[in-house]
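Here is a set of questions and answers about one protein chain. Look at the sequence and the structure first, then work through them in order.

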Amino acid sequence: MSTTAAVPTVADVVAELERRYPPAWAEEWDKVGLVLGEPDAPVRRILCVVDVVPETVAEALAARADMIIAHHPLLLRGVSSVAPTTYKGRIIHQLIKSDVALYVAHTNADVAVPGVSDALAHRLGLTDLRPLVPSRPGSPAAGEGRGAGRIGRLPQPLTLAELARHAAAVLPPTAIGVRAAGDPDRTVRTLAVCGGAGDSFLADATAAGVDAYLTADLRHHPTGEHLATGGPALLDATHWATERPWLDDLATGLRATMPDVETLVSDLDTDPWTVHAASPAAPERSAADDKEPRP
């Protein structure tokens with residue numbers, strides 16, 4: 001008599017995800033966990049994405065995925081309607097009609113070890129990692145190196161200009177690439193990183209004494225004030241590019257613990273910026289250039 005192993009269910013996948021990224025580790029304002037899907041529905045194929053948008057939903061449907069695991073919540077803020085005439089409502093209707101479950105791991109995956117910023121740090125070759133902002137003592141995520149962002153050491157010193165080019169080469173490609181703020185000739189040995197929008201940690205990067213800090217979504221005034229007050233050099237990549245590397249770690253972990261489920265990773269760039277045109281009259285400046293009198 002032959003036996004056939006039971007097909008994993010949505011509940012099985014959720015249990016594995018919550019073992020790796022307990023919902024209690026998420027920020028209070030966050031919305032993580034199972035969003036859609038019958039717990040006892042079978043799961044044979046998963047698509048891992050950064051954003052739940054019409055394009056990644058279409059990708060999941062084309063791949064015949066039974067489940068989407070996303071980093072960014074679809075329903076972070078309250079809605080009064082999920083009618084198919086609304087943007088989010090249309091996505092929800094598509095997923096329900098196609099029997100595709102949706103699960104979100106957001107800030108609980110950010111602070112995990114390994115988590116979102118670990119994957120980013122590894123792409124850049126950083127070693128001796130530690131959290132940029134350790135989880136608050138007494139909080140559910142406290143201890144074992146968990147926290148927001150990571151600090152590490154480069155394999156060899158690079159100038160800021162060289163590091164910007166290195167980051168652009170090893171991170172997932174986007175139209176915008178990577179930009180840097182600070183002296184292009186500054187030597188960088190230690191680097192802080194944070195996947196996603198990390199300008200709330202500018203002061204922490206300064207306090208850590210790192211040579212540079214790489215994150216996403218940096219704004220004009222906070223960046224200028226940070227540099228003017230002696231903060232480390234800054235590198236700004238796109239939000240999607242700094243979080244996409246984590247999908248590979250997520251998929252690798254699921255393949256190891258749930259080999260009967262095919263786990264796919266979306267390379268669809270969901271960054272909204274699609275064109276970059278460099279100004280021909282704006283070459284890189286060096287420290288010597290900044291000392292020259294300007295008309």
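Rings of Phe, Tyr and Trp (its six-membered ring) pair if their centres lie within 6.5 Å; planes under 30 degrees apart count as stacked, over 60 as edge-to-face and the rest as tilted. The model is predicted, so local features need pLDDT of at least 70 and side-chain atom pairs count only at pLDDT 80 or more, while totals for chains, interfaces and linings use all residues. Residues are numbered from 1 along each chain as its sequence is written, and side-chain values use heavy atoms, with hydrogens and water left out.

Q: By this rule, what does the count of aromatic pairs come to?
A: The rule is the one on ring centres, within 6.5 Å. By that rule the count comes to 1 aromatic pair.

Q: Are the rings of Tyr21 and Trp246 stacked, tilted or edge-to-face?
A: A pair of aromatic rings is described by the distance of the centres and the angle of the planes. For Tyr21 and Trp246 the centres are 5.7 Å apart. Their planes are at 65°, so the pair is edge-to-face.

Q: How many residues apart in sequence are the parts that Tyr21 and Trp246 tie together?
A: Helices (H or I, at least four residues) and strands (E, at least two) are DSSP runs, numbered from the N terminus. Tyr21 lies in the loop between H1 and E1, and Trp246 in helix H9. The pair therefore ties together parts that are 225 residues apart in sequence.

Q: Are Tyr21 and Trp246 buried or exposed?
A: Buried means under 20% relative accessible area, exposed over 50%, and partly exposed in between (1.4 Å probe, protein chains only). On that scale, both Tyr21 and Trp246 are buried.

Q: Which element gives the most residues to the largest nonpolar core?
A: A nonpolar core is a set of buried Ala, Val, Leu, Ile, Met, Phe, Trp, Tyr and Cys residues joined through side-chain atoms within 4.5 Å. The largest one has 29 residues, of which Val13, Ile46, Met67, Trp246 and Leu250 touch the most other members. Elements that give two or more residues to this core include H1, E2, E3 and E4. The most, 6 residues, come from H9.

Q: How many residues does the second, separate core have?
A: Among the members of this second core are Leu126, Leu154, Ala164 and Val178. Its size is 20 residues.

Q: Within what arc do the buried residues of H3 fall?
A: The buried residues of helix H3 (residues 87–97) are Gly89, Ile91, Ile92 and Leu95. The arc is that of the directions from the helix axis to the C-beta atoms. These residues line one face of the helix, because seen down the axis of H3 they fall within an arc of 160°.

Q: Which are the edge strands of the open sheet of 6 strands?
A: This sheet has the order E5-E6-E8-E9-E10-E7, with mixed pairing. Its edge strands each pair on one side only, and they are E5 and strand E7 (179–181).

Q: What is the relative accessible area of Met258?
A: Met258 lies in the loop between H9 and E11. Leaving aside neighbours within four places in sequence, Met258 is in contact with Pro8, Asp12, Val13 and Glu16. Met258 is buried, with a relative accessible area of 10%.

How values were computed:
Two strands pair if DSSP finds at least two bridges between them. Contact means heavy atoms within 4.5 Å.
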